[in-house]
Amino acid sequence: MTSRIRFISLIVFSAWFHIVFSIIIFSTTSFASTSSFPLENIKFTQDQASLQRGAKIYYNVCRMCHSMKYIKYKTLEEIGFNKSQIDALRGDKPKNTALGKTISDPVLNTLYGQVPPDLSLMAKARKRGPQYIYTLLTTYSETEGAYENAVFPGIKMPDTLNIAVAVNDSRKEEIKNRAKDVTEFLLWSSDPRAAMRKNIGVYVVIYFIILSTLLFFIMKRVWSRLDK
Ligand code: HEC
């Protein structure tokens with residue numbers, strides 16, 4: 001009789017174990033989504049050097065037309081910029097300033113018929129956001145001065161990284177690397193706490209492993225006493 005109960009409790013224990021681990025694995029898996037144009041299946045690593053290069057590309061290129069209202073200059077400390085670098089980027093704007101565009105809204109409206117969207121959360125706002133942004137930036141083509149984009153036909157944004165007019169393959173590669181860096185930055189900006197959460201996740205897993213082992217031995221001990 002007791003061996004049967006012991007067997008049942010083992011089953012319950014292992015079921016509990018499976019539920020916990022399924023939840024952990026499930027929560028770290030992102031869902032694939034569909035797009036009519038095949039998006040480049042590029043991996044994003046969020047390494048600091050790339051994030052910093054990406055921030056500079058945003059600053060020098062995209063910032064003309066796109067704000068990033070949820071990212072303040074001082075937040076750039078989190079990707080390793082030091083105070084004086086940040087001061088240099090911010091210029092004479094107040095300390096608490098967010099990343100704002102340099103062309104004014106009325107001018108952008110006249111040029112493009114709309115104000116280009118804020119980029120802070122863009123990597124979250126589109127399906128497979130980072131892959132989408134990267135593919136968008138790298139699939140411009142140009143015929144007789146008119147540009148076209150494979151992912152977003154009829155897009156009003158010009159080919160800002162100049163991939164359509166790249167003269168050779170090495171220049172094309174260089175532009176693709178720039179597109180990847182700036183996308184890394186936009187992925188970070190859409191969730192600046194992600195890295196911290198990932199670290200916490202590791203501790204949670206370790207915690208569950210230790211807890212599960214302990215519970216297993218406690219269970220064995222309890223039942224061994226009952227067997228006698
Ligand atoms: C010269 C102005 C200009 C610059 C510079 C610029 N953009 Fe844009 N961008 C636009 C406009 C205009 C739109 C709106 C396009 C539309 O809806 O047709 C847009 C839209 C976008 C979109 C959204 C597309 C969508 O799905 O709605 C993304 C992403 C984007 N830009 C990323 C970037 C990045 C990254 C850079 C820097 C490498 C950049 N842009 C530089 C003008 C610009």
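The C-alpha centres of domain 1 and domain 2 lie 46 Å apart in this predicted model. Domain 1 spans residues 1-30 and domain 2 spans residues 48-191, with bounds taken from an automatic or database domain assignment. Residues are numbered from 1 along each chain as its sequence is written. Local features need pLDDT of at least 70 and side-chain atom pairs count only at pLDDT 80 or more, whereas totals for chains, interfaces and linings use all residues.

Helix 2 (residues 48-60) and helix 7 (residues 169-189) have axes that come within 7 Å and cross at roughly 95°; axes are lines fitted to C-alpha atoms, for helices over the stretch in contact, and angles run from 0 to 180 degrees between N-to-C directions. Helix 2 is therefore roughly perpendicular to helix 7, a term that covers angles of 65 to 115 degrees. Helix 2 contributes S50, L51, R53, G54, A55, I57 and Y58 to the contact, and helix 7 contributes R178, D181, V182, E184, F185 and W188 (C-beta atoms, placed from the backbone, within 7 Å). The residues of this contact comprise 7 nonpolar, 2 polar and 4 charged. Helices (H or I, at least four residues) and strands (E, at least two) are DSSP runs, numbered from the N terminus.

Strand 3 (residues 140-143) pairs with strand 4 (residues 146-149) in the antiparallel sense over 4 bridges, where pairing requires at least two DSSP bridges. Y140 stands opposite N149, and T143 stands opposite A146. The two strands form a hairpin with 2 residues between them, and E144 in the turn has a positive phi of about 45°.

Around the ligand there are 23 residues, of which C62, C65, P116, K156 and M157 come nearest (C-beta atom, placed from the backbone, within 6 Å). Helix 6 (residues 129-138) gives the most to this shell, with 3 residues.

Notes:
Angles under 35 degrees count as roughly parallel, over 145 as roughly antiparallel, 65 to 115 as roughly perpendicular and the rest as oblique. Two residues are in contact if their C-beta atoms, placed from the backbone, lie within 7 Å. Ala, Val, Leu, Ile, Met, Phe, Trp, Tyr, Cys and Pro count as nonpolar, Asp, Glu, Lys and Arg as charged, and the others, Gly among them, as polar.
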